[in-house]
Amino acid sequence: MTSARIKVSIFLLIGVISLFLIATVYFSLFSISRLKSNLAIQTHTTTVMLKINDNLVSLLNAETGERGFIATADTIFLQPYNMARQIVPITTRELRKLTMDNPVEQQNIDTLEYLINEVFSRIGALISLKKNPDEKSTGKILTLSKEGKSIMDRIRVVNQSMLTEEVKLRELRTSNTNKSIANAQAIFIGEGIFSLLVTILLAFIIIREVDRRTRAEKKVNEFNTELKSKNKELEQFAYVASHDLQEPLRSVSNFSMLLAQKMEQQPDQEMHEYLNFISGAAQRMSNLIFDLLEYSRIRKDTDKTQIDCNELMREVLVDLSANIKESGAVIHAENLPVVTGFVYLKLLFQNLLSNAIKFRKPETSPIVIISATENENEFVFSVKDNGIGIEKMYYERIFLIFQRLYARTEYEGTGIGLAQCKRIVELHGGEIWVESELGKGSTFNFTIPKT
């Protein structure tokens, strides 16, 4: 594909993206306005159902604790009972308040309160008998235990009746909004799919061009005329992608921000979440394009130079100083050698150190040790951390482009960093691998030949 065709394709994509986003934003606002009043009611119904289930769980835990105490006389088993004595009355009062407009549920709650008192009274009696036994205690305990099953069965019936009533209400309240909900979902799913397809298309174009150039490099010993032409085309594409495609992404972000400011007086959390989704998706696409371009630029287009890795590490630590300070990371860099390499070595160290800080265990400050040894032909570098570690089955996968082991909500990133590292090491004629154990940290090793 020539640079002219690439540019035309990108401009067409920009036009389609712009029209699609304008149409979906307007339709989204229309759908959201119809959903606003219904979302509160649905949330209310869900809250009632959760509290009904919470009450039942607390009572079942109390009974389980009671049986443990009767069997062992260990008071630690009474903790669920004591907790239920505090929580269940509060939850029941909240249920009564939430269903004030529903006579059926109010009657159910009257019955439920009576049965709850029976449960606590029975358990209290059992505890007293166990703590102060007499010659009739065993028979009384058996009798009260049998009564407990009957009471809990009645509570389950009342709970099920309340849940059935709430399900009916929820279905009634949402029947008129199903169409608008489906439309809103279709819009945002469509936006996500559309954005994904655009990203995949761009990634395909870039990677195809990169692979084409790599194959050409393997066939010739020098940047002949044809290879220079290919590189020039790729550089032109990189400029178009980084400049022209970033413009609509910035427009989407700015439009989302303006829309959020316009709607800030309306306390509609769902609308703000949708706007944040649009803005976040645009930013992620921008980051992905930038990382892809960085990946495509890693090539033998410069001469090797003498690089002092100690000085290189000092520069990396300055660049990552904010992350290091925020995470409380401790970095130990041993005496590193001077190597003959490309300028991309800084990106290699930066990616590995950044990952060591990012993939840390919760509530644990990262500790990273950077060291190097040498043998007859090469230097062997190691970046060791105390992070979350990696399962053995993923040792190879993590170096592939776009391969992520964790959701974006857990750890930010585009899945390109380690692929960049592999490309840089192989550009020098070296190898990179990982040694790790899940939960016990990782050590990334790579070699740089001496010549």
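Visitor: Why is S442 called buried?

Guide: S442 has a relative accessible area of 4%, and buried means under 20% relative accessible area, while exposed means over 50% and partly exposed lies in between, with a 1.4 Å probe and protein chains only; S442 therefore counts as buried. Please keep in mind that this is a predicted model, in which local features need pLDDT of at least 70 and side-chain atom pairs count only at pLDDT 80 or more, whereas totals for chains, interfaces and linings use all residues. Residues are numbered from 1 along each chain as its sequence is written, and side-chain values use heavy atoms, with hydrogens and water left out.

Visitor: What makes the link between the side chains of S442 and S436 a polar contact?

Guide: The distance in this pair is 2.8 Å, and a polar contact is a pair of N or O atoms within 3.5 Å, where, within protein, one must be able to donate a hydrogen and the other to accept it, and residues adjacent in sequence count only if both atoms are side-chain atoms; the pair therefore falls within the cut-off.

Visitor: Which residues does S442 touch, leaving aside those up to four places away in sequence?

Guide: With contact meaning heavy atoms within 4.5 Å, S442 touches V383, K384, D385, G389, I390, V434, E435 and S436.

Visitor: Where is S442 found?

Guide: S442 belongs to strand β7, which covers residues 442-449; strands (E, at least two residues) and helices (H or I, at least four) are DSSP runs, numbered from the N terminus. The protein has twelve helices and seven strands, and one of the helices is α11, residues 345-358, which includes K358.

Visitor: Why is K358 called partly exposed?

Guide: The relative accessible area of K358 is 29%, a value that lies between the limits for buried and exposed, so K358 is partly exposed. In space K358 is 8.5 Å from G387, C-alpha to C-alpha, although the two are 29 residues apart in sequence.

Visitor: What makes C309 and C421 count as buried?

Guide: The relative accessibility is 1% for C309 and 0% for C421, and both values fall under the limit for buried, so each of these residues counts as buried.

Visitor: How many disulfides does the structure hold?

Guide: It holds zero disulfides, a disulfide being a pair of cysteine sulfur atoms within 2.5 Å.

Visitor: How much of the whole protein counts as buried?

Guide: Of its 451 residues, 41% count as buried.
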